[in-house]
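Colleague: I would like to learn how to read a two-chain model of this kind. Please take me through it feature by feature.

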Amino acid sequence: MTAMLVGPAPYIYVCTRMRVRKSKLIPRDEYLRMLNMGLPEITRFIEETEYKTEIDELGTSFKGMDLIEIGLSWNLAKEYQRILDITPGFLKEFTTAYLRRWDIQNVLTIIRGKMQGMSQGKIKEVLIPAGELDRVFLDRLLTEDTPERIAEALKGQKIYPILARDLPSALADGSLARLENELYKQFYSDLLVDARSGVKGGPQFEEFIKLDIDITNIKSLFRLRGDNLQEEAGDMMIPGATFSVDELQRLNSMENQNEFIDSIKNKIKLRPLLEIIDEFREKQSVRQIEVALIRVQLRQMERMAKIYPFSIHPILSYLEMKKYEVFNLRALARGKESNLESESIKGYLVM
Amino acid sequence: MALRDIKPTRSELIALKRRIALSERGYKILKMKRDGLILEFFKILEQAKDSRGELLAKYRRAVETMAFANTIEGAIGVKSAAFSVKEVPQIDLKSKNIMGVVVPEIESSKVKKSLVDRGYGVLGTTSAIDETALAFEELVEAIIESAEIETTMKRLLEEIESTKRRVNALEFKVIPELTEARDFIKMRLDEMEREELFRLKKIKARSV
């Protein structure tokens, strides 16, 4: 990562902008109010907020729930790109690196869609160009005929080395699961390298990455335990944070739930996480556990943003909160469309 | 069989008696087959009731988890994960024989998969996708199981219906008509015998 000489003003500016944007996000009370609304009211509410531009833009191509969902995703992608535009220096590089997870998702979706013989239009509908690879680049990938050519077109990108290494075996195997896990593991490894490169603000970024890795690993552990999957569990764990892969593998093989939770608690130092993990002793669905962990992560990110007001934290905190606003609105609309009870929908909202 | 078409001869009577005996034997066998098929049908019916109930419950569960997955992951996330499905279940169709009725025996490749075999990565998805995938895998398994039971039931019903028609035809049409024809021939032969006897007496009386 190349060093950039910039003064503190741009950092203060962008962090302040993030705080302003965060204040404009839909508050908890509004979600509670929306839970009592019908689908047409929720749709109107969404159309009257800042998502209006995208909904109007896409109105001719999509309709109904698809319009809402794709409009929300487009807004998220555009918002992320706008933030990248105003973010200076190292913060921009950290933010770009963090948003690369969307590139992984988009590239894998394109490869899978091509393997399934889906049309370009159908694949395009499910892409969210919120990462480093913009819409034009993704459109170019869509025109490639084979997964190998898609990988070749990504030469020079961060994900290329793993794609070049693992794609042939994944195609031979017919499953991209392992490749997907490897890409995410490499993504976190790259983030840690960037954070530890000695640049200013790196330690704060590393703190966030470790939190993200820990939360992701704990979520994966609960999912794997729910599926009683013992072998290959290590392949799905991300190294570099509180737990080593061996420790995670050992945790996964523990049969007793209390023993498992105690072992996690012995290593974790974050108080809110410790408190929430204790609640998992009682039988809960994996989804409930995931939502609870996401809530803890967001609260912790918010806390870190307050401790380091002119660092990467306010930006990352906003990015995550914006993402969950989109997810919440989508959940409300989709949930109402499927006639789910308000209480059920509420359980899936991150607010 | 119209009685006027019947030749009242002894050979015809013997042939008719043979046909009646054959028909009665066939009637008994077909009746036993029908009863046996009905017993088999009721056994299958119990299984069909269970499998249909199970199928319905699994369908409801699958639809519900899909609704939850759409709520949590959005249609985009669900479609993106669905692109990971790499194979369709392979169905191996064999047949077995239940009292002469050929019914299918369906064997399928394993539909239910573990988390690692589903084709999507754990790190890029959530448990909502796992739950939905599992619910639909169970639904597909239930459909395959139901297909075997329901087809067996349908074939048994068709066979019961046709056997019942044959039994009824024998009982109410073939055997009564043959019996009537036999009685007619018997009566005609007796009459002819009496006529012959009378004629002989007349001739004897004239010659005396």
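Colleague: Where is A:Met236 found?

Modeller: A:Met236 sits in the loop between α12 (202-226) and α13 (245-253) of chain A. Helices here are DSSP runs of H or I with at least four residues, strands are runs of E with at least two, and both are numbered from the N terminus. This is a predicted model, in which local features need pLDDT of at least 70, side-chain atom pairs count only at pLDDT 80 or more, and totals for chains, interfaces and linings use all residues. Residues are numbered from 1 along each chain as its sequence is written, and chains are lettered from A and ligands numbered from 1 in the order in which they are written.

Colleague: Is A:Met236 buried or exposed?

Modeller: A residue is buried if 20 or more other C-beta atoms, placed from the backbone, lie within 10 Å of its own, exposed if 12 or fewer, and partly exposed in between. A:Met236 has 28 other C-beta atoms within 10 Å, so it is buried.

Colleague: Which residues does A:Met236 touch?

Modeller: Contact means that two C-beta atoms, placed from the backbone, lie within 7 Å. Leaving out residues up to four places away in sequence, A:Met236 touches A:Asn181, A:Ser220 and A:Leu224, and also B:Val122 and B:Leu123 of the other chain.

Colleague: How many residues does each chain put into the contact?

Modeller: The size of an interface is often given as the accessible area lost when the parts come together. Here there is a residue count: 38 residues from chain A and 26 residues from chain B. On the side of chain B, α1 (10-82) and α2 (127-207) each supply at least two residues, and α1(B) gives the most, with 9 residues. By class that side has 11 nonpolar, 11 polar and 4 charged residues. Ala, Val, Leu, Ile, Met, Phe, Trp, Tyr, Cys and Pro count as nonpolar, Asp, Glu, Lys and Arg as charged, and the others, Gly among them, as polar.

Colleague: How do I read a helix pair?

Modeller: Two packed helices are described by the angle between their axes and the distance between the axes. In chain A, the axes of α6 (residues 89-115) and α11 (residues 177-195) come within 10 Å and cross at roughly 175°. That makes α6(A) roughly antiparallel to α11(A), a term for angles over 145 degrees. Residues that meet include A:Phe94 and A:Arg101 in α6(A), and A:Tyr184 and A:Asp190 in α11(A). The contact has 9 nonpolar, no polar and 6 charged residues.

Colleague: What is the radius of gyration of chain A?

Modeller: The radius is taken over C-alpha atoms, and the globule rule is 2.2 Å times the number of residues to the power 0.38. Chain A comes to 18 helices and 0 strands. Its radius of gyration is 21 Å, close to the 20 Å that the rule gives for 351 residues, so chain A is as compact as a globular protein of that length.

Colleague: And chain B?

Modeller: Chain B has a radius of gyration of 34 Å, but a compact globule of 208 residues would have one near 17 Å. Its C-alpha trace spans about 125 × 25 × 25 Å along the principal axes. Along the sequence, chain B follows the pattern α-β-β-α. Of its 208 residues, 27% count as buried.

Methods: Axes fitted to C-alpha atoms, helices over the stretch in contact; angles between N-to-C directions. Parallel < 35°, antiparallel > 145°, perpendicular 65-115°, else oblique.
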